[in-house]
Amino acid sequence: MAAKAPELVGSVNQAFLAGYLHGLGSDHTNAVLAPRPDACCVELRGKGTAGGTSEAGTTCGR
């Protein structure tokens, strides 16, 4: 499905992770859409660092 509709899958992943972080009560991390070729399109980024956000990791990668 990700190959056929990457925008849809990315949006679902972002919404899922944002809800998960909200449920955990996280005030320091955002789930951000960041599509790249051959990699996941959602990154978890910390709030309040230099430049506003910092990359903490991706939900998956190849």
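Let's begin inside: the largest nonpolar core is made up of five residues, Leu17, Leu21, Ala31, Cys41 and Val42. A nonpolar core here is a set of buried Ala, Val, Leu, Ile, Met, Phe, Trp, Tyr and Cys residues joined through side-chain atoms within 4.5 Å. Buried means under 20% relative accessible area, exposed means over 50%, and partly exposed lies in between (1.4 Å probe, protein chains only). In soluble globular proteins, nonpolar side chains tend to be buried together.

Before going further, a word on what you are looking at. This is a predicted model, in which local features need pLDDT of at least 70 and side-chain atom pairs count only at pLDDT 80 or more, while totals for chains, interfaces and linings use all residues. Residues are numbered from 1 along each chain as its sequence is written, and side-chain values use heavy atoms, with hydrogens and water left out. The score pLDDT is the predictor's confidence in each residue, from 0 to 100. Its mean for the protein is 79, and 76% of the residues reach 70 or more. Two stretches call for caution. Over residues 49-55 pLDDT stays under 50, and the model has eleven contacts beyond four places in sequence for them. Residues 58-62 also stay under 50, with eight such contacts. Contact means heavy atoms within 4.5 Å.

Now for the overall plan. The protein has one helix and three strands, and from the N terminus on they run α-β-β-β. These elements are DSSP runs numbered from the N terminus: helices are H or I with at least four residues, strands are E with at least two. Of the 62 residues, 16% count as buried. Accessible areas come from the Shrake-Rupley method with a 1.4 Å probe, and for residues only the protein chains shown count as cover. Among contacts with a separation of 6 or more, 12% are between residues 24 or more positions apart.

Ala31 sits in strand β1 (residues 29-33) and counts as buried because its relative accessible area is 10%. Leaving out residues up to four places away in sequence, Ala31 touches Gln14, Leu17, Ala18, Leu21, Val42, Glu43 and Leu44. Tyr20 is eleven residues from Ala31 in sequence, and their C-alpha atoms are 9.5 Å apart.

Next, follow helix α1. Leu8 lies in this helix, which spans residues 6-24, and Leu8 is partly exposed because its relative accessible area is 46%. Together with Met1 and Val12, Leu8 forms a nonpolar patch on the surface, with about 340 Å² of accessible area in total. Patches are made of residues with over 30% relative accessible area and no salt bridge; like charges are joined within 9 Å, nonpolar side chains (Val, Leu, Ile, Met, Phe, Trp, Tyr) within 5 Å. Val9 is also placed in helix α1, and it touches Met1 and Ala2, not counting residues up to four places away in sequence. Val9 and Cys40 are 31 residues apart in sequence, with 9.7 Å between their C-alpha atoms. Ser11 belongs to helix α1 too and is partly exposed at 37% relative accessible area. From Ser11 to Leu33 there are 22 residues in sequence and 7.5 Å in space, C-alpha to C-alpha.

Last comes a group of charged residues. Side chains of opposite charge can pair when their charged atoms come close. A salt bridge is a side-chain nitrogen of Lys or Arg within 4 Å of a carboxyl oxygen of Asp or Glu, and by this rule there are two. Which residues are linked in a network of salt bridges? They are Arg36, Glu43 and Arg45. Arg36 meets Glu43 at 2.7 Å, N to O, while the closest N and O atoms of Arg45 and Glu43 are 2.8 Å apart. Glu43 counts as buried because its relative accessibility is 4%. Arg36 is partly exposed at 35%, and Arg45 is partly exposed at 23%.
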